[in-house]
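Welcome, and please have your viewer ready. We will go stop by stop, with something to select at each one.

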Amino acid sequence: MLDLADLESVRDCSARLLDKGAAFDVVLNNAGVMACPKMETVQGHEYQLGVNHLGHFLLTKELLPALEAANKPVRIINVASSAHQFGKIDFNDINRDKNYQPWDAYGQSKLANVMFTYELDRILKDNKMITTNALHPGVVRTELGRYLLDGNANPLIVGLGVAFANVFLKSPQQGAETSIFLASSPNVEGKSGKYYSDCKVTATTPASNDKAVASKLWQLSEELTEKKTAAKAVSV
């Protein structure tokens with residue numbers, strides 16, 4: 001079991017994997033939440049930042065020494081989103097305590113996914129065995145959007161809206177195609193530090209390519225994921 005909202009769970013998971021001597025071909029960081037109400041992780045971080053970014057950051061970082069020591073090809077894949085386009089890393093209010101807007105927090109977390117990918121690629125530039133790429137899966141018909149439904153809304157209107165949206169949404173199988181492509185295709189062997197959509201390299205925003213901000217985010221992420229005494233997770 002792995003709970004990305006609890007960094008101790010992340011550490012426990014990585015320790016169990018390393019103790020088993022697991023041999024990795026692919027590390028796919030996929031789980032996430034979207035536009036949820038203001039909540040906190042067990043360690044007190046804004047929930048979307050914690051689950052979408054910090055949990056994956058820590059898991060990858062904990063596994064990285066073993067991946068490097070294995071001296072074999074490994075693909076690290078981070079599922080981001082086109083929502084990174086409206087994201088902003090707010091170092092003055094990283095947990096959005098001053099003004100929480102669900103979509104702003106989501107955009108920040110997805111921008112963090114992309115910047116984490118690019119910074120990790122720079123850190124691993126001398127290691128030709130490990131590649132790291134990010135991707136946009138598309139708008140997929142899953143429960144990721146469960147927080148978008150207002151519990152007080154008319155069920156008939158909600159049902160019609162969902163049925164209409166489903167016509168345009170990708171199926172889960174279609175949404176997984178780019179992840180599978182990056183995990184298995186010989187066409188991306190040795191390619192790293194890229195962002196893909198529909199199995200094609202796609203440009204990302206100027207903000208996502210800001211190396212100074214990416215380096216600062218990496219340092220902050222290390223600080224936020226340091227082992228500390230945990231507090232109980234709460235909704236606020």
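In which helix does Gln 48 lie? Select helix α2, residues 47-70, and you will find Gln 48 there; helices here are DSSP runs of H or I with at least four residues, strands are E runs of at least two, and both are numbered from the N terminus.

Before moving on, note that this is a predicted model, in which local features need pLDDT of at least 70, side-chain atom pairs count only at pLDDT 80 or more, and totals for chains, interfaces and linings use all residues. Residues are numbered from 1 along each chain as its sequence is written, and side-chain values use heavy atoms, with hydrogens and water left out.

Stay on Gln 48: its relative accessible area is 0%, so it is buried (under 20%; exposed is over 50%, partly exposed in between, with a 1.4 Å probe and protein chains only). Next, show its contacts (heavy atoms within 4.5 Å). Beyond neighbours within four places in sequence, they include Val 33, Cys 36, His 53, Tyr 100 and Ser 109.

Now jump to the loop between β4 (195-197) and β5 (200-201), and select Asp 198. Its phi is positive, about 50°, although Asp 198 is not a glycine. Most residues other than glycine have a negative phi. Asp 198 is partly exposed, at 47% relative accessible area.

Cys 199 lies in the loop between β4 and β5 too. Its phi is near 65°, again positive, and Cys 199 is partly exposed at 27%.

Finally, zoom out: the protein chain has seven helices and five strands, and 46% of its 236 residues count as buried.
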